[in-house]
Amino acid sequence: MKKAMNTNSSLTNNGTHHYQEIKYSGAVFESRLRSHMDTYGWSQVSPTGYPKKVWLDIIKNGKSETNRRTAYIHVPFCGTLCTFCNFQRKPGTPAMAADYAQLIKKELQWYQNSAYVLQGRFEALYMGGGTPSLLPTDTLAGLINIARQILGLDESSEITIESTIHDLDEEKLRAMAQAGVTRISLGVQSFNTSIRRQLGRLSDKQTIYKTIETARDAGIKTISADILYRLPGQSVREFQNDLDCAVELNLDGISLYPLIAMTGTPLEKGLKTNKIAQLPNLSIEMEQCKMARNILITSGYKQDTSTHFIKEDDRNLYANVRLDDGDCLPIGCSAGGYLGPLVLMNAMDKQMYQVQISGGKTGYMASVNLPAKNRLLRSVTGQLQRGFLNTKTIWQNDSLEPEKILKERIDKYLDKGFLTKTTEQYELTDDGWCWSYNIAADFANIAKSENSNSSSAFAMPSSNISGNKTHPHALKYGKKKNGKGMRGFTIKDISVLGVMCALVIVVQFIFAMIFHITGIALIPGVMQFVMSFASCIILFIALKKVPKAGALSIMTAVYSMITMLLSGSILMGFGLIIGGVMGDITAKTIGGIQKTIPLIIALVIYRTSQTTFSKLYAFITEMTQVQLVWYLILFSIFASAAGAVAGGLAGIKLTKKITKAGVMA
Amino acid sequence: MIRSFTQRLGQRNPNCVFEQLDPRCKLLIVLIVTIAIVFSNSLMSSGLFIAVGIVALFSRLTKALLFTSSFWVLLWCIFMLLFHIVMRQAISAPRAMFTAMVFKGTALIMTGLWFAVTTKLRDFTSALEAWRIPKIIILPLTIAVRFIPTLFHESLVIRDSMKLRRIAHRKRDLLKQPHLIGHSYLALITIRSLKMADELAAVAETRGLARPGKSKIFKPAQFKRNDYLSLSMLLVLIIVLIIASYFV
């Protein structure tokens, strides 16, 4: 293939450094897709049917059409956070992980004795994360034993645990082997100690070698390691050294992933600010990819999936069953999986997950019932990630004609030399393997073209290139889902405004209770200042998250309706609405609510209007009788304004903190 | 108290007439009671307090009624004491103040609570849609109403965890370390809320809420005999109280 490309560190028109800019002119694809999440175009479906009924039917009555099944357990804690990762995980301790294991057990117990679990054996269990090896040894062993017992995992089943090097010691490895763990997937990433440190990894090369040896001695049958390429400043030669180490260690499985600079990660920030060396350009990346394939195949490995190479001892069952249209039972918070035609996802947050499974599993955070054609395409992408496409063995039903649906793309890739035809099926060529995610994504996008107007739970916009998306395992809300009467606000904006409104009410209620009971409310101005401060700090953050004209009016309208309902303060309610609208208009006039100073001014106007109106009754009835009331009311209004300014300023600080926590995307 | 109240939200009594009223009827009742209380005198506020109390008892809100009344009585006592000690003078009409604070305050809050507790969110939404209130207001309003109890619960969890870590856990810290309370509590609860909003949006998207087009309401809001009867009874009560106030 003729390739003409620029470097991936270039200057855009406005002069900003745009390190991700990669053009691949003259080639079939403009950019390389690097994550399996890029191939989820088949998930672009409108919600159909009643998924809860379907999954309950499958689990309770065992009406699963597939005989191949796996389970995935997600442990969302890590002892240390890697600089490149933005998966669903948070810093945690073994104690926190042990506490969380109780929830997993609870969910597993809900599945116990269900017709689905009793219907057939599970071929594989995969514990991923986060870092499941963070679990204390006894908890980990106990959890695996329960999972084995409930899911009916036997000697022939594959039980995999993801782990970092530094979490493993001899005792833990022996306990794991004894509990039935047959395979470990080690997050090596690189054998180069300085690169490892840059990525947030703790152990050095010698420790890696020692740990792998200990794992073998402990009785772990299959040892697989993740190795990254396209690392900052990495040359082809440096990557080759990593591969040589992997081959030298005689690992049973090697997973090779190109590094993706995920949005919001320290890595991405470092690249943006040039604190980290730029990522290799696409030509180096492709060279690394092809070289890796050559070296590993020459060393006796076989390419099993787009990213995984195996020797005969590594069955890689979990990935293969999943990609072969098998079921995958999701267990744990933010775990995703499939049950027949259903795509399921548990709640992403631990507390939401806890609520979801307390008193029996009440549901999944998301469940989508795939139409037949989308299911076929899922099967197609699965096969392509395993290196072939067989129109006879992909999932299909009588209403579909796979040959006809796939013909155009098959011909295109045969023509481009990415696919080759054998007697039974189509197979990826050497070039095809390197572009396998692009090819799979293109096939998956057949579904998109027909569902371009429908909403999607798991959709990946076609323009997204790996690395520019916010989270590989996160649900996508879609670009714009403006229903009738939504006036430019997305459902996410509305959710933020609604929940933050509830927060304003709760915080104000708590402060009001405390201040009234302690008598602080009687000190002139204090109550107004604090209430104004507390509400404005929350409103500031909400409006920074949804910086759209009208957002303040919506929040104040909602707030006023609830205030009127719960406390009967009609005047205050009107004050809130008028204040909100006036604030919005002012902010728009002086530069837009997305800017900090207009936003603070809008908050001041909103708060002073609200205080003025809520004091109007006293103002009208008592100003002529007691002049002191006059001054007190004015004092309250000034206190409100001061509170709003202080709230806005504190909001700036809090916004920074929240952004740092990764919530303020 | 708050914990038991949030639990109560999930358990509605299907046999109680007051709980089964049309949400629009309930909204009208809340509005009428609110306006009547704002402009009421002692007799009228006492009458409305009794009426609201009876409804609360039938709707199994006895604990909430007792708590709210006690809260207002406590506040009244604090006010009386403060005026007496700090300002060195007694309030001229303590009984009038008692009526204004305890009866009016309790009646107002209990009416709102009765509405919030006995109305299913779905019914509330369909009632507002029937009144043609824009979706851009209905959706956040529905979310806010739904999440108030959840956030109360979250607040309690954060308070517990702050206590556990001995961060501003004493009552005097409210005065001594208010910045620490704000710093720890506000930051945490805001992060939790934003995360909740993210999850909620994902769920809403999955459920198809964001899809354009009109959604089908399976149980449309509809006024029935009991609704008309309740509204009439309330209006009659208010008229009787107004007339009685005139004569007393």
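1. Of the 248 residues in chain B, 47% are buried, where buried means under 20% relative accessible area, exposed over 50% and partly exposed in between, using a 1.4 Å probe and protein chains only. Before going on, a word on conventions: this is a predicted model in which local features need pLDDT of at least 70 and side-chain atom pairs pLDDT 80 or more, while totals for chains, interfaces and linings use all residues. Residues are numbered from 1 along each chain as its sequence is written, chains are lettered from A and ligands numbered from 1 in the order written, and side-chain values use heavy atoms, without hydrogens or water.

2. Chain B has 10 helices and zero strands (DSSP runs, H or I of at least four residues for helices and E of at least two for strands, numbered from the N terminus). Among its contacts between residues at least 6 apart in sequence, 76% join residues at least 24 apart; contact means heavy atoms within 4.5 Å. Chain B exposes about 13700 Å², with 67% supplied by carbon and sulfur atoms (Shrake-Rupley method, 1.4 Å probe; for residues, only the protein chains shown count as cover).

3. How many aromatic pairs are there over all chains? The count is 23, taking rings of Phe, Tyr and Trp (its six-membered ring) with centres within 6.5 Å, and calling planes under 30 degrees apart stacked, over 60 edge-to-face and the rest tilted. A:Tyr100 and A:Tyr353 make a tilted pair, because their ring centres are 6.2 Å apart and their planes stand at 45 degrees. A:Tyr100 belongs to helix H2 (residues 94-111) of chain A and A:Tyr353 to helix H12 (residues 350-357) of chain A, so the pair ties together parts 253 residues apart in sequence. Both A:Tyr100 and A:Tyr353 are buried.

4. Do look at helix H17 (residues 491-518) of chain A, where A:Phe511 and A:Phe515 sit four residues apart, separated by about one helical turn. Their ring centres are 6.1 Å apart with planes at 70 degrees, so this pair is edge-to-face. A:Phe511 is buried at 15% relative accessibility, and A:Phe515 is buried at 6%. Helix H17 of chain A also holds A:Gln508, which is buried with a relative accessible area of 5%. Beyond its neighbours within four places in sequence, A:Gln508 is in contact with A:Met531, A:Ser535, A:Tyr559 and A:Arg607.

5. A:Arg378 is worth a close look: it lies over the face of A:Tyr338, at 4.1 Å from the ring centre, and over that of A:Trp42, at 5.9 Å. The rule here asks for NZ of Lys or CZ of Arg within 6 Å of the ring centre and within 35 degrees of the ring normal.

6. Which residues touch the most other members of the largest nonpolar core? In this core of 116 residues they are A:Leu151, A:Ile184, A:Leu256 and A:Phe443, a core being a set of buried Ala, Val, Leu, Ile, Met, Phe, Trp, Tyr and Cys residues joined through side-chain atoms within 4.5 Å. H2(A) gives the largest share, eight residues. A second, separate core of 104 residues includes A:Ala502, A:Ala641, B:Ile181 and B:Ala197.

7. Finally, strand E9 (residues 158-163) of chain A has five of its six residues buried, so it is largely enclosed by the rest of the structure.
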